[in-house]
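Subject: Structure handover

Hello,

Please find the structure below.

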Amino acid sequence: MIIKPRTRGFICTTAHPQGCAQQVQQQINYVKEHAPIAKGPRKTLVIGASAGYGLASRIVAAFGAGSSTVGVYRQGERAGGRPASAGWYNSAAFEKAAQAAGLQSYSVTGDAFSDETKQKTIELIRKELGQVDLVIYSVASARRTNPRTGETANSVLKPIGKPYTNKTVNFHDGVVSPITIEPATEDEIRETVEVMGGDDWQLWIDALRAGGVLADDATTISYSYIGSQITQAIYREGSIGRAKDHLEATARQLNEQLGATGGRAYVTVSKALVTQSSSAIPVVPLYISALYKVMKEKGIHEGCIEQTYRLFAERLYAEQGTPVDAEGRIRIDDWELRDDVQTEVAHIWNELTTDNIYQLTDLEGYRREFFQLFGFETDGVDYEADVDPNVDIPNVL
Ligand code: NAD
């Protein structure tokens, strides 16, 4: 099969197995060049492990600290005439590389929000690893069916209180246009919190503890975002921001619960990056393009793997303890929020139009990274060659 990208807006419905494998290998290589992380995790569970921050976390835990890993992610096998999902190919590549390196690794595919997936994961940990000492919760989803109520909630990306107008870009053709987004209703806010807040994270930790598979001194983290003034109304002060407030409150609650036996829980505030989830947020891809331009010029650009490696080495497992802000959050968004960076991004933002977008921003880099999420536009891959889309994942439940 010759696999080409097929896009609909910010969704790509095809993925390239060799390109995904190459992307994963590049992340592994980066970590191996920087390893080891002293006193890192030994047995790690990553929920939402097949892309973005979750995948990078799994790679850092395994190849940076020699940890055994269990990855939980949505099913994405091949169906119909289409290739499998990028997450499937990424995970296959990870599992193969981990096993070749003598690292224990297992996958559980299914809906992370369901009781069934939690129970399958607990049984697997009990049988293969005994207990885990690090749990990373990195699920990003548009909907969630709550196993308690059976109701399905949908998350929205909307401002709160009043309409929000700003610039946005179609990153395929570079056209910058104004966008106005109407505010979320109370129900929409409630549902967004239900999907992207901390409820499911808490359920996972409760289930792991009840199942006896969480070490007494375990660490758990989840990912949050604050970002710049430019995106405040649509992100941190919008419906998704309410969910992040809830996630952060859950971290504080979990920290108290786990602290009783020597464990700890944090939210880590990360930088804006090109992932499948962030490409769906209005205005954010344009902001990321401007941010990438500035951070690359200053020599402080980071992708998922660089951010996550720094998170593990200089925050989570830092020799002198884990530094946190006044609200108890780990901050790894420090370079994104540097005054000089934000001043330059704001300056670019004011000037930005369709005519100057390729000079003023790194939209080309954004677009390329978007396609790389699906295994395309990756050096060393022959996209005209026939490739087998059937790729097995060893040790998948
Ligand atoms: P992503 O889309 O790259 O990855 C999401 C992961 O969640 C995938 O592995 C997917 O398989 C999994 N997933 C989604 N629904 C699932 C389900 N029902 N069951 C099992 N697995 C499921 O997203 P990302 O950008 O890495 O986001 C991860 C976290 O990081 C989110 O909390 C996000 O808000 C946060 N974050 C992202 C950014 C950014 O710029 N991308 C910045 C800061 C924080």
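An oxygen atom of the ligand sits 3.4 Å from a polar backbone atom of Ala51, which is a polar contact (a pair of N or O atoms within 3.5 Å; within protein, one must be able to donate a hydrogen and the other to accept it, and residues adjacent in sequence count only if both atoms are side-chain atoms). This is a predicted model, in which local features need pLDDT of at least 70 and side-chain atom pairs count only at pLDDT 80 or more, while totals for chains, interfaces and linings use all residues. Residues are numbered from 1 along each chain as its sequence is written, and side-chain values use heavy atoms, with hydrogens and water left out.

From Arg74, a polar side-chain atom lies 3.3 Å from a nitrogen atom of the ligand. The protein buries 93% of the 840 Å² that the ligand exposes when taken alone (accessible areas by the Shrake-Rupley method with a 1.4 Å probe; for residues, only the protein chains shown count as cover). Two or more residues of the shell come from each of helix 2 (52-65) and strand 11 (214-224); helices (H or I, at least four residues) and strands (E, at least two) are DSSP runs numbered from the N terminus.

The ligand is surrounded by 30 residues, and the closest are Ala112, Lys244, Leu273, Thr275 and Ser277; a residue is counted if one of its heavy atoms lies within 4 Å. The shell divides into 14 nonpolar, twelve polar and four charged residues (Ala, Val, Leu, Ile, Met, Phe, Trp, Tyr, Cys and Pro are nonpolar, Asp, Glu, Lys and Arg charged, the others, Gly among them, polar).

Salt bridges

There are 26 salt bridges, each a side-chain nitrogen of Lys or Arg within 4 Å of a carboxyl oxygen of Asp or Glu. One of them joins Asp340 and Lys298, with an N to O distance of 3.2 Å. Asp340 is in helix 10 (residues 339-351) and Lys298 in the loop between helix 8 (284-297) and helix 9 (304-316), so this pair links distant parts of the chain, 42 residues apart. Asp340 is partly exposed at 30% relative accessibility, and Lys298 is partly exposed at 29% (buried is under 20% relative accessible area, exposed over 50%, partly exposed in between; 1.4 Å probe, protein chains only).

Arg315 and Asp334 form another, at 2.9 Å from N to O. Arg315 belongs to helix 9 and Asp334 to the loop between strand 13 (330-331) and helix 10, so the pair ties together parts 19 residues apart in sequence. Arg315 is buried at 12%, whereas Asp334 is partly exposed at 29%.

Arg367 and Glu364 pair with their closest N and O atoms 3.5 Å apart. Both are in helix 12 (residues 363-372), three residues apart, or about one helical turn. Arg367 is buried at 17% and Glu364 partly exposed at 35%. Shared partners also join Arg236, Asp245, Glu248, Asp325, Glu327, Arg329, Arg331 and Asp333 into one salt-bridge network.

Ser278

Ser278 is in the loop between strand 12 (264-269) and helix 8, and is buried at 11% relative accessibility. A polar atom of the Ser278 side chain lies 2.5 Å from the backbone oxygen of Leu273. For the backbone nitrogen of Thr275, the distance to a polar atom of that side chain is 3.1 Å. Beyond neighbours within four places in sequence, Ser278 is in contact (heavy atoms within 4.5 Å) with Leu273, Val284, Pro285 and Ile288.

Regards
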